[in-house]
Amino acid sequence: MRAKVLVLGGNFGGLTAAIAVKQELHGDVDVTVLSDRDRFLFNPSLIWLPFGKRAPTDITFPVAPTFDAAGVEFIQDAADLIDPRAKTVRTVSGHVHPYDYLIIATGTRENLDAVEGLRENSNWITSLDGAIHTGEAWRRFRDAPGDIVIGATQGASCFGAAYEFLFNTSYQLRKAGLKRRAKITYVTAEPFLGHFGIGGLPHGERLLGMFLRKENIAYRTDTAMSAIEDGAVVTADGTKIKYAFTMIVPPFTGQDFLRRTDGLTNAGGYVEVRDTYQSKRYENIYAVGLAAAVQAPWTTPTPVGVPKTGLPTEQMAHVAAKNVAAQIRGEEPASHKSFGDIPAVCVMDAGNNGVLILADKMLPPRRHGVLVPGPQNHAFKLAFEKYYLWKMKGGHVSLP
Ligand SMILES: Cc1cc2nc3c(=O)[nH]c(=O)nc-3n(C[C@H](O)[C@H](O)[C@H](O)COP(=O)(O)OP(=O)(O)OC[C@H]3O[C@@H](n4cnc5c(N)ncnc54)[C@H](O)[C@@H]3O)c2cc1C
């Protein structure tokens, strides 16, 4: 009987891992993907959706044809319980799926209870629904402009998206002739500008400071939020920063169903993994991308999380796929890559400008790290979006 690999989640990590396992074993394996969503979402473009620069259909595609062409079975259903003894996954619809090897790529959910009033009064762009809702708030703001607060709470990790939205907002205000009527304040848990949750890069603080000054944006770093009121962000020291429009990046948490499996996750609901991306507890369970736990090599006065961006997610998925294939062949998992050693490659978009972020490692100590500003980065980000959607839709997961 052919080995059965079950993949939970069908986005960056799940789509890559599922097709990569199939390719590693030249098709001689049964691969099934279970995902609650039937469309791939290119999350990096959510920064543009509220401004009407993208519609949901521009940045999503149905995954079933992609999996079908790769010989992978796709089932739209949400995993509800992993039973490592029986080697099964039960779904919310009550179906039970057996597996020999399981790859978890279920990402995260937004923790909107982390700050009082966040859910009720704020907007966020860290999910498709959130970005659509933010777009509605932005359109209301344009009819009645005022001050703006953009930020990232304590424990947040997606700082790159917060900066991108900040600079895109400033750019959109200028285009709409509203720049002088709206004072923008950036409020962040980062200990300094340009920390990004990855410890910062050489000259990053100075460069981000220049960008903020040029755009006339006020900022507060190392700042926790105690409440989001209707019309004001309240910081931990009691300061109220008034807003007519706000977007706050919330912290993430692991998917709740994973916590129900004994010994699988840490307190945050993230799967504790080795550098082979096997669970620390279960040899035949893997986790990749946002779902995998990562330990930051620092503590900050105001807590910040580590961003797990697209490139490390894909690399984790390939390492996991190689190791699952090795186990199926009766070999030891020999592919190792710790998260901190994966290179950092990212573009921070700023409306009509941008910053290319390059480092030899995601986490310090590093030998090389550089930030390259310039309008070419905006053009690169636009081109990359098209390329990446083409690549994933075609199932070309071995391309960079
Ligand atoms: C606003 C924003 C901007 C970003 N910008 C960048 C960027 O510029 N560059 C970059 O490299 N990265 C960026 N990222 C990060 C990037 O999106 C992530 O690295 C990537 O999405 C991680 O992939 P993943 O597969 O681990 O998780 P996800 O992409 O979140 O996928 C998880 C999948 O699991 C499914 N799922 C959830 N629960 C279940 C369940 N119970 N059962 C079955 N399926 C389930 C979900 O529907 C989803 O399809 C950005 C992220 C955001 C939110």
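A residue counts here as buried if 20 or more other C-beta atoms lie within 10 Å of its own, exposed if 12 or fewer, and partly exposed in between, with C-beta atoms placed from the backbone. Everything below is a predicted model: local features need pLDDT of at least 70, side-chain atom pairs count only at pLDDT 80 or more, and totals for chains, interfaces and linings use all residues. Residue numbers start from 1 along each chain as its sequence is written.

**View 1. Pro 400, in the segment after α8.**
Pro 400 sits in the segment that follows α8 (376-393). Helices (H or I, at least four residues) and strands (E, at least two) are DSSP runs, numbered from the N terminus. Pro 400 counts as exposed because it has 8 C-beta neighbours inside 10 Å. Look for Tyr 387 too: Pro 400 and Tyr 387 are 13 residues apart in sequence and 10 Å apart in space, C-alpha to C-alpha.

**View 2. Strand β11 and its two partners.**
All five residues of β11 (residues 148-152) are buried. On one side you'll find Ile 148, Ile 150 and Ala 152, and on the other Val 149 and Gly 151. Strands pair if DSSP finds at least two bridges between them. β11 runs parallel to β17 (residues 245-249), joined by five bridges, and Val 149 has Thr 246 as its bridge partner there. Five bridges also join β11 to β12 (residues 184-188), again parallel; in β12, Tyr 186 is the bridge partner of Ile 150.

**View 3. Helix α5, between β11 and β12.**
β11, α5 and β12 form a right-handed β-α-β unit, meaning that, with the strands pointing away from the viewer, the path from the first strand over the helix to the second runs clockwise. α5 (residues 159-175) has 17 residues and spans 24 Å from first C-alpha to last, close to the expected 24 Å, which is 1.5 Å times one less than the number of residues. Of its 17 residues, 13 are buried. After α5 comes Gly 177, with a positive phi near 70°.

**View 4. The shell around the ligand.**
The ligand is surrounded by 36 residues, the closest being Gly 9, Asn 11, Gly 107, Gly 289 and Gly 310; a residue is near a molecule if its C-beta atom, placed from the backbone, lies within 6 Å of it. α1 (12-24), β2 (30-35), α5 and α7 (310-328) each supply at least two shell residues. Domain 1 (4-110 + 252-338) and domain 2 (118-251) each give at least three, with bounds from an automatic or database domain assignment.
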